[in-house]
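User: I would like to learn how to read helix packing and salt bridges in a model. Please take me through them.

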Amino acid sequence: MSTATTAPASDTEPKTAAPGGSDATTGKTNPLQALLRHRGLGKILLLALAAAVLVPIVHAQWAGGMWPQALSVDLSEPLGKTSDWIIDNRDSHPLFLYFFGHISNAVVLSVRAVYMLLLALGWTGVTALVTLVAWRVAGWRIAATALLSLLVSGLLGMWVPTMQTLALMIVTVLASVAVGALLGLAAGLSDRTFRMLRPVLDTMQVLPAFAYLLPVVLVFGIGVPAALLATVIYAAPPMARLTALGLRSADTGVLEAVTSLGATGRQRLLTARLPLARKELLLGLNQTIMMALSMVVIASMIGAAGLGDRVYQALASVDVGAALAAAVPIVLLAIVMDRTTAAAGERLGAGSAPGPKWLRGPLAWAGVAVVTAAVAVVGRLSGSMVWPTDWVVAIADPVNDFKDWMVGHLYSGVPVIGGTADWAAAFTTWVLDPLRDGLTALPWWGALLIVAALAWLIGTWRTALTAVLALAAIGVLGVWKPSMNTLSQVLAALVVTLALGFAIGILAAGSKRFEVILRPVLDVMQTMPQFVYLIPVVALFAVGRAPAAAAAIIYALPAVIRIITQGLRQVDPAAMEAAHSLGATRWQTLRQVQLPLARPALLLAVNQGVVLVLAVVIIGGLVGGGALGYDVVTGLATGDLALGLVAGVAIVCLGLMLDRVTQPTERRAAKGA
Amino acid sequence: MARTTHPSRAARTTRTRKATVVGAALAAGALTLSLSGCGAADMTKQASPYAAVGGAKSVTLQLGTWVGTQANVGVAKYILENELGYRVDTVQVDEQPAWDALSQGRVDAILEDWGHPEEVQRYVKEKKTITPGGDLGVIGHIGWFVPKYWADKHPDVTDWKNLNKYADELRTAESGKKGQLLDGSPSYVTNDKALVKNLGLNFDVVFAGSEAAQITQIKQFAKQKKPFLTYWYEPQWLFNEVPMVEVKLPKYTEECAAKGVEDPQSIDCAYPSTPLQKYLNTDFVKSGSDAAEFLKKFKWSKEDQNEVSEMIASDGLSADEAAKRWADKHPDAWKAWLPKKK
């Protein structure tokens with residue numbers, strides 16, 4: 001679960017991540033820490049000894065600080081040949097004619113079918129259907145949100161792109177759920193599959209989507225099939241993980257009982273294990289939807305059309321207002337789908353449906369169908385199948401004016417605090433530059449040693465080995481220097497994210513009202529496609545690594561704040577009470593009771609921060625971040641498989657390394673179970 | 001969570017799992033086949049699922065990430081839709097992948113190509129899946145530019161030999177101790193790193209990573225009347241907002257270009273001027289449709305293109321609206337592109 005949630009999933013985020021995190025018994029932390037410290041000393045000594053022996057040998061062999069040329073492999077030729085082969089054989093080889101071609105056809109046909117259905121329902125029918133389904137599944141509040149969201153999408157002049165995106169999302173989510181559930185079923189029923197699958201799922205999620213856009217495009221060509229498949233690769237893992245988790249944690253007592261009643265394996269699966277895992281399955285669905293939606297804009301880079309394409313095109317003409325008009329429906333779709341599936345999940349436990357009696361049971365579904373059909377027919381009779389064009393509110397101009405005003409006033413020369421450009425320059429000169437120069441100057445074996453020491457102190461020798469191997473792989477791939485540059489950006493952005501995240505998280509944990517105000521802000525931050533704020537960010541912070549860091553911070557902050565808030569809230573009230581009664585001040589309680597007790601959540605926050613910041617590294621390449629992100633973008637833009645894929649793999653390795661260095665032992669132990 | 005299954009049960013579950021997996025795989029396979037029919041599936045014959053709803057005649061045009069292509073496509077789309085009765089879809093794709101998409105028939109035409117000799121060799125000469133569509137009528141030129149307000153004060157800055165004198169003035173946080181040469185999108189043709197090295201310039205190439213970021217940065221510099229040096233190209237609407245002057249680089253020669261083909265690191269001369277080209281999908285041309293004939297005839301000037309581009313990028317009009325305004329103003333221009341009545 002460590003690298004699971006890059007999803008913009010509001011409150012469900014900590015929940016997915018929790019299975020490992022909250023299992024750790026917080027009470028044991030202190031003696032364990034003492035033990036760790038003691039053992040840690042031994043580990044460090046051992047490592048120092050190894051270093052003392054190995055470093056002189058290594059140094060004599062390959063002098064110089066950079067990764068030695070002799071130890072690296074150049075993949076550009078084989079990868080270049082592969083991509084040439086695909087292009088030359090795509091129109092004739094049986095593999096394409098009889099396999100990929102059919103997949104591609106099936107995708108086009110299914111998306112088209114759903115799209116035609118949505119168009120046939122008309123805007124009245126779709127609005128009625130979505131609202132009624134939301135009402136049936138999640139209650140009237142969410143139904144109202146859904147109704148409002150669809151109307152807003154129409155008012156913004158985005159009805160047709162919204163339907164295109166919706167059609168694509170419906171098919172994508174179904175495909176992701178099918179793939180994920182299948183993998184999860186296999187992993188949930190067999191320990192060996194589970195072990196084999198875990199690293200695969202990890203990779204699928206850490207590998208930046210950009211890196212596999214290119215291979216997918218090579219095989220399928222630009223267009224909807226490629227976009228759909230790239231999204232499935234990204235969105236299926238949470239479904240797989242949660243399905244496996246649900247099946248594996250099914251109550252043994254119930255299973256024993258079912259077996260003793262003489263049920264076969266299949267019966268036990270269908271009647272006991274799957275129903276028991278319903279909650280996890282629904283959470284998996286929720287996560288999958290959110291991740292699929294977060295790919296909408298990225299997938300448009302390879303021709304997905306719809307809302308993402310509008311955002312992407314607006315970026316090309318530097319039009320924030322137009323980008324926002326297309327991004328708002330994406331955010332609204334995400335919020336509606338998230339709330340609906342989350343509410344459905346919560347209600348599974350509660351057992352009773354909200355709303356009047358006639359809204360329950362299969363009859364209600366028939367009712368939904370009838371009302372939808374009726375409304376659709378009314379819509380058709382009134383003559384407007386697509387949203388009426390004169391009901392459109394243009395927001396682009398006011399938004400652009402506001403952006404210009406903001407940039408004009410904040411950019412530079414604000415009294416006392418300076419302008420955003422001044423901050424960015426200072427951040428670049430005083431934080432990013434020294435960090436980058438330090439990491440690049442660090443001899444490669446030194447870097448390996450530091451990583452080994454950190455990973456070993458916090459975990460086991462296995463953890464350390466994985467971390468070291470991941471870092472070494474970067475050297476072998478021949479991208480040591482850009483990787484160190486990227487690492488410096490990730491670390492700098494992470495520090496700021498954590499500082500802000502802790503401050504805001506602590507405030508939110510202390511005040512319910514503040515948390516309520518914060519929630520919609522965080523929702524929007526998590527679901528807003530990054531492409532929308534790239535332009536304002538560049539305008540405020542000037543081209544370079546600073547705006548890249550800013551974009552990463554905006555993206556990673558909400559998850560960190562949420563995990564910290566929830567972690568602090570979950571601290572045993574009795575412990576806090578005890579501290580109060582002993583006369584501790586609020587600050588003392590926070591520092592000496594609340595924070596130590598919430599340690600697992602805080603560590604999880606650090607870990608998620610790493611993963612999310614890393615996920616934006618590539619986007620950073622679009623605003624001058626350079627290094628690996630730029631290489632991946634270049635690979636995609638120039639069709640250079642070797643450049644893009646190698647940089648993408650290097651990002652995965654960085655992710656793996658950072659994950660191992662920030663993952664404490666107890667989480668790992670729980671996770672392995 | 002670690003509940004190991006009883007051995008005998010484990011065996012049974014494995015069997016169940018296999019059955020389930022095989023069953024699901026079969027079902028998926030059957031679905032795929034039933035949806036697309038048995039036999040070979042031609043990957044070159046797949047349009048967008050959103051295209052041609054209701055059986056309309058349709059054309060798909062490639063849209064680049066720069067505004068010039070939006071202007072081309074906008075006007076072509078406007079006339080195809082309003083005069084010839086087509087439905088036009090646009091797909092935004094970067095330059096190189098666009099060739100691939102054109103070859104596969106995912107798009108029917110690229111209206112503005114800046115020169116891709118490798119792709120021409122592969123798709124036009126060898127595979128013959130792409131057919132040249134003639135000149136767009138616009139000459140493209142890449143170069144280094146400085147803002148006019150700065151060049152007016154320091155006229156000697158427009159020669160590369162004097163650039164080092166100004167390196168300090170062009171420093172930014174990102175370029176550190178050197179001067180900053182701002183570059184743009186990774187998909188654009190650039191030799192700037194080699195040029196800086198081979199001409200011995202005390203500059204650092206900073207890649208903005210996208211044209212949007214580069215334009216935003218240039219506008220920001222211009223607002224503050226700060227000096228800057230940037231990779232840029234003509235035709236471009238931004239010149240109307242931020243007047244810029246080209247910096248003279250060592251003269252472009254055939255020998256220098258030939259040397260650059262051998263080893264891109266060795267280039268030490270300016271960029272050539274390229275007559276921008278149109279390319280069409282071969283099957284699309286063979287269909288002999290009005291649309292193909294129209295797109296072949298489509299040819300306009302740099303001024304025309306800039307007029308439309310600026311309406312889009314600066315006045316915030318949609319490409320459709322900008323194209324309509326241009327078409328209303330210049331009916332003679334586009335009437336010449338219409339196919340002859342048969």
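This is a predicted model: local features need pLDDT of at least 70, side-chain atom pairs count only at pLDDT 80 or more; totals for chains, interfaces and linings use all residues.

User: At what angle do helix 22 and helix 24 of chain A pack?

Analyst: Two packed helices are described by the angle between their axes and the distance between the axes. Here helix 22 (residues 512–527) and helix 24 (residues 545–569) of chain A pack at about 145°, with axes 9 Å apart. Axes are lines fitted to C-alpha atoms over the stretch in contact, and angles run from 0 to 180 degrees between N-to-C directions. Helices are DSSP runs (H or I, at least four residues), numbered from the N terminus.

User: Which side chains form a salt bridge with D523(A)?

Analyst: Side chains of opposite charge can pair when their charged atoms come close. A salt bridge is a side-chain nitrogen of Lys or Arg within 4 Å of a carboxyl oxygen of Asp or Glu. R562(A) and D523(A) meet in one (3.0 Å, N to O). R562(A) lies in helix 24 and D523(A) in helix 22 of chain A, so the pair ties together parts 39 residues apart in sequence.

User: Is D523(A) buried or exposed?

Analyst: D523(A) is buried, at 4% relative accessible area, and R562(A) is buried at 10%. Buried means under 20% relative accessible area, exposed over 50%, partly exposed in between (1.4 Å probe, protein chains only).

Terms used
Residues are numbered from 1 along each chain as its sequence is written. Chains are lettered from A and ligands numbered from 1 in the order in which they are written. Side-chain values use heavy atoms; hydrogens and water are left out. Helices (H or I, at least four residues) and strands (E, at least two) are DSSP runs, numbered from the N terminus.
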